[in-house]
Amino acid sequence: MKSLAVLTSGGDAPGMNAAIRAVVRTAIYYGYKVYGIERGYKGLLEEEFIEMDLSSVGDIIQRGGTILKSSRCNEFKTAEGREKAAKILKKKGVEALVVIGGDGSFNGANLLSELGVSTIGIPGTIDNDLAYTDYTIGFDTASNTIIDAISKIRDTSSSHERINIIEVMGRNCGDLALYAGVAGGAESIVVPEVHIDREEIVKRIRTTQKRGKKHSIIVLAEGAGDFVDGAIGLKNALVEKDHADVRVTVLGHVQRGGSPSSFDRLLASKMGNKAVELLIEGKTARVVGIRDNKIIDMDIKEALSLPKEFDVETYEMAKVLSI
């Protein structure tokens, strides 16, 4: 192997730049030429390659988002599109590809590997929805963004003695809601993995009110299917059931932005370094992760087939602490 490329795909996540930096600097350290592909798989098909050097990744470790930009690409989802991508990489002399993204990005990397391209995946998504790794790049930063929002909303919630529902991202994974909800002291946490009805939420609110607390914070994961229209649906249910004064805050894409935390910077650096080392060892169709505070790698198909296990123990603890 003489050259490799790196791209970011899917939703952006704080720490992606730190991972790009680690990939580029590790590759250069070992004497390889490295390219950045802009705008993910779309940029690959449109041949948006830029040769990277040490200065290309200077002063980016603290920046959120991705300097390589990201997009979604329907053409790449077709067999013809992937064959075209493999031919472009071969034409450019690129023998290996590091893909930073989520499950959809990893699927693309796996399919490219079947066409003879050496690929390694790095998990970059705030959702933390990949089962094979304890944490994904961006999750810690997004959690802290939510916690900061909870703290600020709690100030106005207590001032007006209101119930505030905060809707967070995560698709069908409740990790963001759970971890930020516990750390933010939420009275109720609503996630896709655990059924909870409006009566139980009302009961919790009434319990806190009886002991003199007139405001409550509810953290709701966007994929929680028990409530149509997400936070708005839950608000309407609470108003109808308890005639409560309820306000809704949908945090939205603010959760994806911001300077990455020290944890995400370190995690991304370790994963980027490991990805290049795996390629140098001749490995392909692997993904990098972290388990028990150790960087690991796994076959990409195996990683994607593992079911995501929800942290029920922490969820039950949250119910105890929110009495």
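**Close-ups of pockets, a cavity and helix contacts**

The structure holds one cavity of 30 Å³ or more. This is a predicted model, with local features needing pLDDT of at least 70 and side-chain atom pairs counting only at pLDDT 80 or more, while totals for chains, interfaces and linings use all residues. Residues are numbered from 1 along each chain as its sequence is written, and side-chain values use heavy atoms, with hydrogens and water left out.

**View 1. The largest cavity, with about 40 Å³ of space inside.** Here a cavity is a set of points on a 1 Å grid over the protein atoms alone where a 1.4 Å probe fits but cannot get out, and lining residues have an atom within 4 Å of a point. Its volume is the space filled by probe spheres set on the points, which are joined across faces, edges and corners. Look for Ala186, Glu187, Ser188, Ile189, Arg204, Tyr315, Ala318, Lys319 and Ser322 around the largest cavity. (Helices, H or I with at least four residues, and strands, E with at least two, are DSSP runs numbered from the N terminus.)

**View 2. The largest pocket, holding about 500 Å³ of space.** A pocket, unlike a cavity, is an open set, with protein on both sides within 12 Å along at least five of seven lines. Its lining runs to 28 residues, and Gly10, Gly11, Arg72, Gly104 and Ser105 lie nearest the centre. Helix α4 (residues 103-113) gives the largest share of that lining, six residues.

**View 3. Helix α5 (residues 139-160) against helix α6 (residues 175-183).** The two pack at an angle of about 50°, with axes 9 Å apart; axes are lines fitted to C-alpha atoms over the stretch in contact, and angles run from 0 to 180 degrees between N-to-C directions. Phe139, Ala142, Ser143, Ile146, Ile147 and Ile150 of α5 touch Asp175, Leu176, Tyr179, Ala180 and Ala183 of α6, where contact means heavy atoms within 4.5 Å.

**View 4. Helix α1 (residues 16-29) across helix α9 (residues 262-280).** Their axes come within 7 Å and cross at roughly 35°. On the α1 side, pick out Ala18, Ala19, Ala22, Val23, Thr26 and Ala27. They meet Arg265, Ala268, Ser269, Gly272, Asn273 and Val276 in α9.
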